[in-house]
Amino acid sequence: MKQQQWAAALSVATSVLLASCGGGEGSGSAASAPAALPAATISGTAATGAPITNAALTVKCVSGQATVTTGSDGSWSASTANLALPCVLRVTTATGEVLHSYIESAGTTNVTPITELVVAAAYGNADTEAFFTNFSTVSAAAASEKLALAITQVKQRLSTLGVNADSLNLLNQKFNPRNGDNYDDRLEDIAAKLKLTNSTLAALSNDVAQGKVGPVGPTGATGATGATGATGATGATGATGANGADGSTGATGAQGPAGATGSQGNPGATGATGPAGATGATGPAGATGATGPQGSTGATGATGATGATGVAGATGATGAAGATGATGATGATGVAGATGATGATGATGATGATGATGATGATGPAGTIPGLGNTGSIGDGNEGDCTMATVWLSAASFAAGGVHADGRVLSIMSNQALFALIGTKFGGDGVNNFRLPDLRPLEPTGLYYVICTQGIFPSRQ
């Protein structure tokens, strides 16, 4: 019946074309371009449950082709001007899935996963893109012939999936892609069922293209076991297979028990002497050694300063004036007698010759002052916050706060700061050593002079 409808439609279209050419058989005029059929509108909705928005939708007809853009609600519309139906539709979703549909007449035609199944069933092949690419009058006639059966098969396959589409017009039903719309809700159901069964729209297309749309029948009874066939001849020995890859290393075995303690080995050779350790810090200064024996007498010193004038003797009585005798030779100077009373001034005698100066006598031992001078020595004390090179008297039994100023010799290397202050003014060679002042002869009895050798370096400011 469907083929008869398609033939009638094609006959009408042919008659119109012939009439527009100016006649039928017997006309001697040349054929002119076919006149366009009256324009109509084809439209619908592209959706998968959600609308397919802002997508290029291609209308490919047996004659002519057009491309339109879907709206924000998935709707589309085109004029049939310069198009000859039937047509096949094609649109790509935002995820890259390609859907098709089939137009037999002007009006509403949708593009959805359901129409994709209908095209696969009508084409008899799941490759609906090939149907679109090679669409022609011949393939259109074949699809139209199978269209009614294809719709029935799709409804049956959806029913076995668990989606009831019996009340739907699969290709041409007007709908809005939103919840509560009967057609759109079935699209949502199909997507949910495919996800639940871990299947795809392509698998459904393959089923309907092959007519696998009914429910799966019960498993048939197992057939009787056939007779055992004759043993076949032994095949030739196969070539030795290549060595397999090395297996992975096995897990480490459990640790075995500890072995018995072995006998003691021979002593090892003595190791080489280690490097010398770093020089240790300088130890504290040792206690002052005992005073050494008195040195031999030094060379004669320079003449000492003139001593103080002695006390004048008492004035003697004035003797009688004697006669002036001749001047005798100058005798040795006698001991000065006591100065007599001043006599009358005698006549001035002639000046005698000056006697030669006698040799300087040896220097006598140093004199002492009663109450001064110590010959002993005392122990040194612990030096504190004293000012270096300062000297003070102490009544302690040791050199409290410093060392005894006893003329000892000190090393310049160990006492550089003190040497910078006193130098060799008290002795020493000035190269390796120097002396402290020896103030023992000037010490009051029971007191001791102490000098600061380790303390605060004085400032000139």
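A nonpolar core here is a set of buried Ala, Val, Leu, Ile, Met, Phe, Trp, Tyr and Cys residues joined through side-chain atoms within 4.5 Å; buried means under 20% relative accessible area, exposed over 50%, partly exposed in between (1.4 Å probe, protein chains only).

The model is predicted: local features need pLDDT of at least 70 and side-chain atom pairs count only at pLDDT 80 or more, while totals for chains, interfaces and linings use all residues. Residues are numbered from 1 along each chain as its sequence is written, and side-chain values use heavy atoms, without hydrogens and water.

Next, centre on Leu158. Beyond its neighbours within four places in sequence, Leu158 contacts (heavy atoms within 4.5 Å) Leu117, Val163, Ala165 and Ile190.

Now select Val403, in strand S11 (strands are DSSP E runs of at least two residues, numbered from the N terminus). Val403 is buried, at 9% relative accessible area. Its C-alpha atom is 7.2 Å from that of Thr453, 50 residues away along the chain.

Show the open three-stranded sheet, ordered S9-S14-S11 with antiparallel pairing; strands pair if DSSP finds at least two bridges between them. S9 (391–394) and S11 (403–404) are the edge strands. Four bridges join S9 to S14 (residues 448–451), and Trp392 stands opposite Val450 in S14.

Finally, colour by pLDDT, the predictor's confidence in each residue, from 0 to 100. Residues 1–37 stay under 50. Where pLDDT is low, the predicted coordinates should not be read in detail.
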